[in-house]
Amino acid sequence: MTASHLHETAMDDQLTAFAADLRRHSAAEIYIDTATRLLYSTDASLYQIMPLAVVIPRHYDDVLATVETCRQYRLPMLPRGGGSGLAGQTVGEAVVIDFTRYLDEIVRIDASARRVLVQAGLPLGLLNRRLRPYGLMVGPDPASADRAAVAGCIGNNATGSHSIVYGKMADHVLSLRVVLADGSDVRLGPRPWSEIRKRAGASDSLNRLYSEIAALIETHAELIDRRFPRFWRRSSGYNLDYLRRQLDDQSFNLAPLLAGSEGTLGLILEAELQLVPVPPHKALAILHYDDTDTAFRSVPDLLTLNPSAIELVDDMLMRLTRESPGWRERLTFVEGEPAAVFIVEFAGESPAYLDDRLQALAAYWQKAGCGRPLIPIKDARGQENVWAVRKAGLNLLSSMRGDAKPVPGIEDMAVPPEHLADYMRELRELLDGRGVVAAMYAHASAGCIHTRPVLNLKTADGVRHLIELINGAAQLAMKYGGVPSSEHGDGLARSFLNPELFGPELYEVLRQVKTIFDPHHLLNPGKIIDAPPPDRHLRYGPSYRTIDITPLLDWSRDGSFAHAVEMCNGAGVCRKLEMGTMCPSFQALKDERHSTRGRANLLRAALTPAPSPADWPTPP
């Protein structure tokens, strides 16, 4: 028996013992079979890593028992929500803890204070639907809100189309109930500085955290002021800037630090969020452009009109929408074949305000002399249609058939809007120099254009282009005062860039934050700090192969049956609850095995040489 086989056997024995121990101390569902682990080996990113086990807690005590048992066996832990992350945050060689099946309740709504307390696994979109009768909502609105869990949105520091109004999740987190790496169940919220000073010598986990992190921020305040990235739309690293600003406040709150931490500092059980009023009135205007450079250069002027959003849809996305039977009828707001359109939204307290903003936009548009249509849309149904097409962008792009796909990697780079046109011009040159075409869409108002190069990652050239583009685009973003990660996070895709982004001194502070919270680095290791190279653990790569089969049905339109299975991008749209018809089995059972994504993952695994389906024992 080889050394690797001996290691695998020892690990199997350890996991069997771990599962048996945890079953004695919790009511959680615990899976160590190959099939279930395969289901959780991917997310919406480019990556695939087989987890050690999957735990689905029914109660908070199950989470505490899982952390304690993982500590005893020195097994890494990885909290997971909807698995809609695009950077690989929710895959890893760890015990995956899925909060979404059972821990998904609203604990308390305080409408008068505009606050809500929710469990970690509740989808953000479902929360907003439950808040609608109160005239309230969570400000950040990621496109994945219909299946992304609240704790996942916090862990990712989600933003969305309206970030210029509502900022990031870190701006709305009031307090968090968290299980720390040592098994402590604590609540992180504002604490008076007098209390922090008074309890500085206490040995319990909560007081130790507050005193040590506060001391770390105070010690490095000047370094943070001098070296921390200044662009507000940053999700790279840890939120040291949020803590630095609190040094002059009456209290100190660690909760915002966990926003964007990707589960590397603690496991969120509950989140208390500050809510915002639902805008009573909205209106859209669709601006048509002959070229994207003109569009990008108009953003600073458009921002002076106080829009709530400016979203880009490029010609590739419009073409794919027209080619899709389910969507072509909905592209009613585009005239002709422009190179790009901007969706400009205004929100306000009265229709008169919206009319004023639309008139000001029309005056600007006429003065700019663009010569293309400006289409106002005031009715709610028409606006819903526009946003539906915009938010379907990722899935429409992923519907491209064949091995070449619009892949993430550089899609989260962002720069201050005044530099957007120059950044995008140089990024286009970077793409053109490699003969790579790309799709572009999303948040022009925040300087974040989701750019997806079309690459075949099953080839060495495709992987090489991806890595060169990630490095090149990051250099450009930093050159223009921007950041590599602005809302999709670091994960496996961009954590490796943090040493350069923050510099060696500040990066060491990030490492100290991690060590204070997680001394043995058992919480989602390899994310934010100490990351592997971005071409490791790719789901597809030059060595990817599928077995030959002779299907009974004709899959030639998709290229092959394997190509049809591979069209699942892992984004988890099939996990939507209480809306639509996909996927009804998941809506009934909330079980990843019965989602469309889950079936695609198992089919794809069955079509690859290893592991063989014969080795997949039935889950307990």
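**View 1. Packing of helix H8 against helix H20 in the predicted model.** In this predicted model, the axes of helix H8 (residues 205-219) and helix H20 (residues 498-517) come within 10 Å and cross at roughly 170°. That angle makes H8 roughly antiparallel to H20. On the H8 side the contact is formed by Arg 208, Leu 209, Glu 212, Ile 213 and Leu 216, which meet Val 509, Gln 512, Val 513, Ile 516 and Phe 517 of H20.

**View 2. The largest nonpolar core and the surroundings of Leu 273.** The largest nonpolar core contains 93 residues, of which Leu 127, Ile 154, Leu 240, Leu 273 and Phe 517 touch the most other members. Helix H20 gives the most to this core, contributing nine residues. When neighbours within four places in sequence are left aside, the contacts of Leu 273 include Arg 114, Arg 115, Val 116, Leu 127, Val 138 and Val 150, and also Ile 154, Met 169, His 172, Val 173 and Leu 174. Another core, of 58 residues, lies apart from the largest one and has Leu 312, Leu 420, Ile 467 and Leu 469 among its members.

**View 3. The five-stranded antiparallel sheet.** Five strands form an open sheet in the order S5-S6-S12-S8-S9, and their pairing is antiparallel. Strand S5 (106-110) and strand S9 (185-188) are the edge strands, each pairing on one side only. From one strand to the next, the twist averages 10°. Strand S8 (residues 173-179) is joined to S9 in the antiparallel sense over four bridges, and Leu 176 has Leu 188 in S9 as its bridge partner.

View 4. Strand S2 (residues 53-56) and strand S4 (residues 95-98) run parallel and are joined by three bridges, with Val 55 standing opposite Ile 97 in S4.

View 5. Most residues other than glycine have a negative phi. Ile 528, although not a glycine, has a positive phi of about 70°, and is found in the loop between H20 and helix H21 (561-566). Asp 530 is found in the loop between H20 and H21, and its phi, near 50°, is likewise a positive value in a residue other than glycine. Ile 528 is buried, with a relative accessible area of 0%, whereas Asp 530, at 38% relative accessibility, counts as partly exposed.

View 6. Val 454 lies in strand S20 (residues 450-455) and, at 15% relative accessibility, counts as buried. Its C-alpha atom is separated by 9.6 Å from that of Met 400, a residue 54 residues apart from Val 454 along the chain. Leaving aside neighbours within four places in sequence, Val 454 is in contact with Met 316, Met 400, Ala 404, Lys 405, Pro 406, Val 436, Val 437 and Ala 438.

Methods. Residues numbered from 1 in each chain as written. Predicted model: local features only at pLDDT ≥ 70, side-chain atom pairs only at ≥ 80, totals over all residues. Heavy atoms only, no water. Axes fitted to C-alpha atoms, helices over the stretch in contact; angles between N-to-C directions. Helix = DSSP H or I, 4+ residues; strand = E, 2+ residues; numbered from the N terminus. Parallel < 35°, antiparallel > 145°, perpendicular 65-115°, else oblique. Contact = heavy atoms within 4.5 Å. Core = buried A, V, L, I, M, F, W, Y, C linked by side-chain atoms within 4.5 Å. Buried < 20%, exposed > 50% of the residue type's maximum accessible area, 1.4 Å probe, protein only. Pairing = 2+ DSSP bridges.
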